[in-house]
Amino acid sequence: NKYQANVLYGHCHTSQFFHGATIDGQHGGYGIGHLADPESEAMDYKGDPSNWINGCALVYVRPSGDFQVVPLNFVHGVLHFGDRMYGGSPNEGQST
């Protein structure tokens with residue numbers, strides 16, 4: 001809110017957002033987590049358990065410059081968006 005600008009950032013290991021409004025319009029800050037592979041050898045230093053969030057975001061931008069940010073978080077290595085599942089096994093989450 002201090003800079004009256006929009007910010008989208010990753011790498012900070014958490015998922016969070018903030019919206020504020022001023023006379024100049026709405027502004028937002030979006031933390032989308034990280035995209036590191038938590039199972040990779042490079043992540044051995046962090047220990048377990050960790051409260052880090054794997055995530056990414058879709059950003060829709062209209063010709064006017066207005067936009068919408070849709071944060072997407074992975075849960076146990078799986079991301080659901082629309083009617084699709086990304087990651088995991090094809091039968092994961094189905095009842096038997």
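This is a predicted model: local features need pLDDT of at least 70, side-chain atom pairs count only at pLDDT 80 or more; totals for chains, interfaces and linings use all residues.

Colleague: What share of the contacts between residues at least 6 apart in sequence joins residues at least 24 apart?

Modeller: That share is 13% in the protein chain.

Colleague: How do I read the pairing of strands?

Modeller: Strands of a sheet pair through backbone hydrogen bonds, and the sense is either parallel or antiparallel. Take strand β2 (residues 15-22) and strand β3 (residues 25-32), which pair antiparallel over eight bridges. Two residues lie between β2 and β3 in the hairpin they form.

Colleague: In what order do the three strands of the open sheet lie?

Modeller: The order is β1-β3-β2, with mixed pairing. β1 and β2 are the edge strands, each pairing on one side only. On average, neighbouring strands of this sheet are turned by 5° against each other, direction ignored.

Colleague: Which strand does β4 pair with, and over how many bridges?

Modeller: β4 is joined to strand β5 (residues 67-73) by seven bridges, and the two run antiparallel. They form a hairpin with five residues between them, and G65 in the turn has a positive phi of about 100°. V59 belongs to strand β4 (residues 55-61) and stands opposite V69 in β5.

Colleague: Is V59 buried or exposed, or partly exposed?

Modeller: The class follows from relative accessible area: under 20% is buried, over 50% is exposed, and partly exposed is in between. V59 has 40%, so this residue is partly exposed. Together with L8 and V61, V59 makes a nonpolar surface patch of about 260 Å².

Colleague: How does A57 compare against those cut-offs?

Modeller: A57 also lies in strand β4. Its relative accessibility is 24%, so A57 counts as partly exposed.

Colleague: Which residues is A57 in contact with, leaving aside neighbours within four places in sequence?

Modeller: The contacts of A57 are L8, I32, V69, V70, P71 and L72. For L72 there is also a C-alpha to C-alpha distance: 5.3 Å from A57, at a separation of 15 residues in sequence.

Colleague: What should I look for in the backbone angles?

Modeller: Most residues other than glycine have a negative phi. H13 is not a glycine, yet has a positive phi of about 75°. H13 sits in the loop between β1 (7-9) and β2. H76, again not a glycine, has a positive phi of about 55°. H76 is found in the loop between β5 and β6 (79-81).

Colleague: Is H76 buried or exposed?

Modeller: H76 has a relative accessible area of 78%, so H76 is exposed.

Key. Residues are numbered from 1 along each chain as its sequence is written. Side-chain values use heavy atoms; hydrogens and water are left out. Patches are made of residues with over 30% relative accessible area and no salt bridge: like charges are joined within 9 Å, nonpolar side chains (Val, Leu, Ile, Met, Phe, Trp, Tyr) within 5 Å. Accessible areas come from the Shrake-Rupley method with a 1.4 Å probe; for residues, only the protein chains shown count as cover. A salt bridge is a side-chain nitrogen of Lys or Arg within 4 Å of a carboxyl oxygen of Asp or Glu. Helices (H or I, at least four residues) and strands (E, at least two) are DSSP runs, numbered from the N terminus. Buried means under 20% relative accessible area, exposed over 50%, partly exposed in between (1.4 Å probe, protein chains only). Two strands pair if DSSP finds at least two bridges between them. Contact means heavy atoms within 4.5 Å. Axes are lines fitted to C-alpha atoms, for helices over the stretch in contact, and angles run from 0 to 180 degrees between N-to-C directions.
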